[in-house]
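The report below describes selected local features of one structure, taken element by element. Please read it alongside the sequence and coordinates.

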Amino acid sequence: MAICGGLKRTGWPRVLRILNLVLGLARFAAAILLLYLALNWRSPLFASTRSAALALSIALPLALIGAEILFWRISARWRPATLVYGATALVAFLALALTLTFELQFRWMRSEVLRADPVQVEKLGRHLIVGYRTEAGLRDLIKRRAVAGIFITAHNARGKDAGTIRRDIEALQAIRKAQGLPPLLIATDQEGGGVSRMSPPLPRPVTLGEIVRSHGNENARREAARTYAANVGRSLSELGVNLNFAPVVDLDQGVSNPNDRYSRISTRAISSDPKIVADVAGEYCRELALHGVHCTIKHFPGLGRVFEDTHLDHATLATPADELARSDWLPFRELMQQKSMFTMLAHVTLTAIDRERPASFSAPVVSGLLRRDWKYDGILVTDDFSMGAAYRSNGGLAAASVSALNAGVDLILISYDPDQYFPVVHALLRADAKGALAREALERSNRRLQAVPAGQEAAVSAR
C-alpha cells in the first residue's frame with residue numbers, strides 16, 4: 001500500500017496515461033497507413049507484391065481493431081485515450097472494408113470477363129498485348145483468344161536459357177495455330193543498355209546512342225548500326241520474339257530530373273540531332289525486319305523535353321506544335337512514312353493539341369494529328385497502361401481504354417501489372433454493349449492489324 005501511495009504521489013499514473021496516449025496516437029498513424037494501403041494495393045504500384053499486400057491489408061487491420069478494443073477496456077475511464085482508440089479502430093475497420101471491397105470488385109470483373117461471350121472477348125482482345133506473372137493464366141487467355149500478343153520481360157526469362165524460352169513461345173504459338181489465328185505478337189523491350197529485358201539469357205547490347213558516339217563518320221555509323229541491329233534481330237528472332245519496343249527516337253534535349261527513376265530519356269536517346277536519329281533508327285528498323293522482327297519507334301509525341309516521369313505520375317509537354325514539328329517530330333514523321341513501323345504513344349499530355357488527355361488516348365492527337373494530318377495508317381500501340389500517368393488519369397483505365405480505341409489506337413499494352421487486363425476488358429465489353437465503341441474505328445484498326453506480317457512473312461516482305 002505504501003508503494004502504491006508513493007507511485008501516486010510521484011505522478012506515475014499520469015506518466016503512464018500520457019505514454020498510453022502517445023502509443024495510441026502511433027497506432028492511429030499506423031491505421032492511416034493501412035488506409036492508404038487499402039486504397040492502393042490493387043494499383044500497379046503493388047503488382048509484384050500483391051499477395052503479400054492483400055494478406056497484410058486483412059491481417060493488420062484485424063489485429064489493430066482487436067488491440068484497440070483491449071486497450072479501450074483497460075483505459076475506459078480516461079476519455080482522451082478512449083477517443084483515440086475508437087478512432088483507430090474505426091479507421092482500421094474502414095481499411096479492412098475497402099480492401100475486401102476492392103478485392104471482391106476485381107474478382108467480379110474477372111469473373112464477368114471470363115464468362116463473357118467468347119466472340120466479344122476475341123473481338124476486343126485482339127487489341128491488347130499483355131504481360132504475365134503466371135504462365136497458366138497466360139495460356140488461359142490465349143486459349144480464350146483474348147489477346148493479340150504477350151509481353152516478355154526480365155522476370156519471365158529469369159532462370160531460363162534461350163532454348164527454354166524458345167520452346168515456351170513455340171508452345172503458345174502452337175495454341176494459336178490450332179485456332180486458325182495469326183501468330184501472337186511476342187513483344188519485349190530490348191533497347192540495349194539498362195533496358196534489355198532479354199538479357200540474360202541474351203548478351204546485353206549497348207545502346208544505339210553509344211554506337212553513334214563511337215562512330216563520327218556517317219557511313220561508318222550506318223554500317224555499325226546495321227551490324228548492331230542484325231545481332232539484335234537475329235537473337236530475338238531465334239527466341240521467337242517478333243516485336244521489339246525499340247528504338248527510342250525521342251531527342252536528347254538534356255533534361256535531367258533527379259527523381260526520374262525509369263524514363264531517363266537522355267540516357268536512352270540516340271542523339272540530339274533529329275537527322276542522325278532518323279537515319280540510325282531507320283537502319284535499325286530495316287535490319288530487324290529482315291529477321292522477322294517488327295521495330296517500334298517511341299515515345300510519340302516525344303519525351304525528350306518532358307521533366308516528369310510518366311511511370312509515376314502525370315506529365316506534360318508544353319512546347320508549341322510548330323517548334324516540335326521543326327525538331328522532336330522530324331524523326332517520327334520521317335519514319336512513320338513506312339507503314340510497317342509500329343509507333344508507341346506516350347502517356348504525356350500534349351498541351352498544344354489536347355490539354356485534357358495524354359496522347360496515348362487523345363482523339364485530337366491520334367485521329368486528328370496522326371491519322372488525318374500525317375496520313376499515318378500504321379500500327380499505334382500505347383505505352384504500358386500500368387503506368388501512373390494512365391492509371392491515375394481522369395476516369396482511370398476504364399475511360400482510357402475506351403478513348404484509346406475510339407481515337408484510332410490499335411493495341412493497348414498492359415505489361416507490368418497483368419491484373420489490369422480484366423478491368424480494361426470489362427470496361428470495353430460494357431462500352432461495346434452500350435454502343436460506346438466506335439465501330440468504324442475498330443474496323444479500320446482490324447484491317448491494319450490483319451495487314452501486319454508475322455515471323456517469316458515479315459522477313460520476306462522486308463526483303
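Helices (H or I, at least four residues) and strands (E, at least two) are DSSP runs numbered from the N terminus.

Just after α8, Gly180 adopts a positive phi of about 75°.

## Basis of the model

This is a predicted model, in which local features need pLDDT of at least 70 and side-chain atom pairs count only at pLDDT 80 or more, while totals for chains, interfaces and linings use all residues. Residues are numbered from 1 along each chain as its sequence is written, and side-chain values use heavy atoms, with hydrogens and water left out.

## The parallel sheet

An open sheet of three strands is ordered β7-β9-β11 with parallel pairing, where two strands pair if DSSP finds at least two bridges between them. Its edge strands are β7 and β11 (379-382), each of which pairs on one side only. Neighbouring strands of this sheet are turned by 30° against each other on average, direction ignored; axes here are lines fitted to C-alpha atoms, for helices over the stretch in contact, and angles run from 0 to 180 degrees between N-to-C directions.

Strand β7 (residues 296-300) has five of its five residues buried, so it is largely enclosed by the rest of the structure. Three bridges link β7 to β9 (residues 342-345), and Ile297 has Thr343 in β9 as its bridge partner. Between β9 and β11 there are four bridges, with Met344 partnered by Val381 in β11.

## Two buried residues

Thr310, in the loop between β7 and β8 (316-317), counts as buried at 1% relative accessibility. Leaving aside residues up to four places away in sequence, Thr310 has contacts (heavy atoms within 4.5 Å) that include Ser263, His347 and Met387.

Val130, in strand β1 (residues 128-130), is buried with a relative accessible area of 1%. The C-alpha atoms of Val130 and Asp417 are 8.6 Å apart, although 287 residues separate the two along the chain.

Notes:
Buried < 20%, exposed > 50% of the residue type's maximum accessible area, 1.4 Å probe, protein only.
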